[in-house]
Amino acid sequence: MSFAGGLVETNRYQLGSGPPLGAKGDEVKASTSEQQTAEPIYIRWKELIRDEILDVGITCSKEWWDGEDAAPISTDAVDRALNLIYLAPDAIHPPEIVPSADGEIAFEWRRGRDRILSLVSHRSDIIFSAILSPLNNRENWCKPQKNGWPVRVTELLLEYFPNARHSSH
């Protein structure tokens, strides 16, 4: 089977509504497929991001994809990135998809040069780093991924990277 065919076949994630905002606990748990609802038209950003993740997985699947010494993006890295997007709350601003030289796929949010937030699912961990102001307000951590979207990331995204999309609801 081709690499692209393998990506599509291993993509088990449905792009239904993400977890509710304000959920308690260290991380927001994924919902089961029976609980999911169809995404409204204004939430279609997850499908676009899914397509970008698949494109990055295909484009960067060979060693030295960056013209230097970058590791290839594996189907496991693509699968982890797809899982994170599935778990993302619908209310956040969509991230940029960025391949990393270590073979992972990062999600980045930027507002100028002084506000940058990056999130990566690396093996069994989630790695997070943020620069939130010109005064060098920084946060970062690495912790085990527990099948959920980190609540602190949602809080920072809503505060520092407000969603430019407005629904009619």
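How many disulfides does a search of the whole structure find? The count is zero. This holds for a predicted model.

Cysteine 60 is buried, and its relative accessible area is 6%. Cysteine 142 is partly exposed, at 48%.

## Overall layout

The chain has four helices and seven strands. Read from the N terminus, its elements follow the order α-β-α-α-β-β-β-β-β-β-α.

The chain holds 169 residues, and 43% of them count as buried. Its accessible surface is about 9,300 Å². Carbon and sulfur atoms account for 51% of that surface. Take the contacts between residues at least 6 apart in sequence: 60% of these join residues at least 24 apart.

## The largest nonpolar core

The largest nonpolar core has 33 residues. Those touching the most other members are Ile53, Ile105, Phe107, Trp109, Leu117, Leu119 and Trp149. Several elements each supply at least two core residues. The helices are helix 2 (45-59), helix 3 (75-87) and helix 4 (151-160). The strands are strand 3 (105-111), strand 4 (115-122) and strand 5 (125-131). Helix 3 gives the largest share of this core, with eight residues.

## Around Ile53

Which residues does isoleucine 53 touch, not counting residues up to four places away in sequence? They are Val78, Ala81, Leu82, Ile85, Ile97, Ile105 and Phe107. Ile105 and Phe107 are also among the core residues that touch the most other members.

Notes
Residues are numbered from 1 along each chain as its sequence is written. This is a predicted model: local features need pLDDT of at least 70, side-chain atom pairs count only at pLDDT 80 or more; totals for chains, interfaces and linings use all residues. Side-chain values use heavy atoms; hydrogens and water are left out. A nonpolar core is a set of buried Ala, Val, Leu, Ile, Met, Phe, Trp, Tyr and Cys residues joined through side-chain atoms within 4.5 Å. Buried means under 20% relative accessible area, exposed over 50%, partly exposed in between (1.4 Å probe, protein chains only). Contact means heavy atoms within 4.5 Å. A disulfide is a pair of cysteine sulfur atoms within 2.5 Å. Accessible areas come from the Shrake-Rupley method with a 1.4 Å probe; for residues, only the protein chains shown count as cover.
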